[in-house]
Amino acid sequence: MTRTTPAGTPLGDDFHVYDTTLRDGAQREGISYSVTDKLAVARLLDSLGVGFVEGGWPGALPKDTEFFHRAAEGELELRHAALVAFGSTRRAGAKVDEDPQVRALLDSRAPVVTLVAKSDRRHIERALRTDVAENCAMVADTVRHLVGEGRRVFLDAEHFFDGYAFDPDTSLRVLESAVQAGADVVVLCDTNGGQLPLQLAETVGEVAARTGFRLGIHCQDDTGCAVANSVAAVQAGATHVQCTANGYGERAGNADLFAVLGNLAAKLEMPVLPDGKLRELTRTSHALAEIANLAPDTHQAYVGQSTFAHKAGLHASAIKVDPELYNHIDPAVVGNGMRVLVTEMAGRASLELKGAELGLDLSAAPDAVTGAVRRVKELEARGWSFEAADASLELLLRREMATAGGADPVEAPFQLESYRVVLDHRSDGEVIAEATVKVHVEGERVIATAEGNGPVNALDAALREALVPHLPWLESVELADYKVRILVDAPGTDAVTRVLVESRDGEEEWTTVGVHANIVEASWLALCDALVYKSARAAVAS
């Protein structure tokens, strides 16, 4: 059994940062994570230092069941977080050990389980069509059964604030049934998102005083107060806060993980992340947006591209005297940067930090950093983004270091002469892509042709056919994921296409990016970067 408590966090198990992006966040309109996406999201959240990652609802959704299976089989190694499975209590009138949903929670092999239960008498009687006594027995039986099987259990008390206002005794009775059965935390959920900070904090404080239970908070954003409500709940005594990356979630969304973390750490001085991880907020936020295939919110608190951007002349003149005059915190604290529009400031520190994470020491290569900053800005103006494409960024940094004389040049394992892709729409309706590539590798001109179910698949197949005889390591490399985004309003350009390609070889995964007005060329650029990256790694290993 894996860890049930956070690791590496200064506050340890005394305070929980709990992320539910993969379950509640995935309910946002427009988001559809693949299992590979879910694994990537979990790794990013773990790298940030989140204490608990809720992976989904096993048994209810096939993708979630597969996610937990792959995680348990070794595809997900968490350094900081404990993995959580979400599910419901036994059904009314059923035996807990015969309930398939409860069995699915155990089969997930997740060390922590969060159960959802009704805590509003109106929902118990009208939605579940049972009585309060049976509802509490459902909670107690399920918690006791899971704890007996070695699981740590949290309870999400759904519709708690509305229920408490209507009938506080019933809502408290539900909490009591969970705690007495062995639940560690009871989470007060503002399921409809209708609370305001002052009244919510008053309720949390009152419940804490009346029960002495360990309380958590889960807020929806229907009033635009989810972040404020979450922080207010912590100030009122909650020691477990549930959020989603970038506030993703159904309707208006959930409490934004990055805004909540920024407020707790920067404003309340709570060390809720491992040392040094607060400055990873911006990078992680943008990388998660890329995986969700959503444009990052440029005006998002703490991590938005425009959050510390100043345009007004009065602001700019004051910033020249003292940047703190118009910034509520130093942007570098959360990995962001201040910009004065028209005369932007370079993000040298961010690149140096990212270089160190990638194993590149840029501290003694100022010319390389200067070149990299300039190159990144040039490319971003044309629609490129390296937030979720570490492999392409590493290649860019290595090339700048080579140009500055601080490293060996990055050599591509082949040189392109030309490629061609055609589509064949056959009489039976099947569409087949055929690609031909002409490359030079190890002094030899090679021509290869292959078919695929699309132009990118055909190009990838043709390139492999040409290169595998010369580059044996290529046989282990496979294209794991492929994402496309059309950038209609990229600054200074017409519409362009950004392609993210995720590759893996059985030992590691890496992501590369390509941008071009033509989707095939954008894909080709990303595919080439993926092979150059692997070639560079293979050369180092040998």
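User: Which residues of helix H16 are buried?
Analyst: This is a predicted model, in which local features need pLDDT of at least 70, side-chain atom pairs count only at pLDDT 80 or more, and totals for chains, interfaces and linings use all residues. Residues are numbered from 1 along each chain as its sequence is written, and side-chain values use heavy atoms, with hydrogens and water left out. Taking buried as under 20% relative accessible area, exposed as over 50% and partly exposed as in between (1.4 Å probe, protein chains only), the buried residues of H16 are Val456, Ala458, Leu459, Asp460, Ala462, Leu463, Arg464, Ala466 and Leu467.

User: How far apart are the end C-alpha atoms of helix H16?
Analyst: Helices (H or I, at least four residues) and strands (E, at least two) are DSSP runs numbered from the N terminus, and H16 covers residues 455-467. The expected span is 1.5 Å times one less than the number of residues. For the 13 residues of H16 this rule predicts 18 Å, and the model agrees, since the end C-alpha atoms lie apart by 18 Å.

User: Which element gives the most to the lining of the largest cavity?
Analyst: On a 1 Å grid over the protein atoms alone, a cavity is a set of points where a 1.4 Å probe fits but cannot get out, a pocket is an open set with protein on both sides within 12 Å along at least five of seven lines, and lining residues have an atom within 4 Å of a point. The largest cavity is lined by Asp460, Arg464, Val477, Glu478, Leu479, Val501, Ser503, Leu527, Ala530 and Leu531. Two or more of these residues come from each of H16, strand S14 (478-487), strand S15 (496-504) and helix H17 (519-541), and the element that gives the most, with three residues, is H17.

User: How much space lies in the second largest cavity?
Analyst: The lining of the second largest cavity consists of Glu290, Asn293, Lys483, Val484, Arg485, Arg498, Val499 and Leu500, with S14 and S15 each supplying at least two residues. With grid points joined across faces, edges and corners, and a volume taken as the space filled by probe spheres set on the points, the space in the second largest cavity is about 30 Å³.

User: How many residues of the lining of the second largest pocket are charged?
Analyst: This pocket holds about 1,400 Å³ of space, and its lining comprises 42 residues, with Arg43, Leu44, Asp390, Glu509 and Trp510 nearest its centre. Helix H1 (residues 35-48) provides the largest share, six residues. When Ala, Val, Leu, Ile, Met, Phe, Trp, Tyr, Cys and Pro count as nonpolar, Asp, Glu, Lys and Arg as charged, and the others, Gly among them, as polar, the lining has 13 nonpolar residues and five polar ones, while the number of charged residues is 24.

User: How many disulfides does the structure hold?
Analyst: A disulfide is a pair of cysteine sulfur atoms within 2.5 Å. The sulfur of Cys136 is too far for a bond, because the closest cysteine sulfur, in Cys189, is 16 Å away; Cys225 is likewise in no disulfide, with the nearest cysteine sulfur, that of Cys219, 9.5 Å away. The number of disulfides in the structure is zero.
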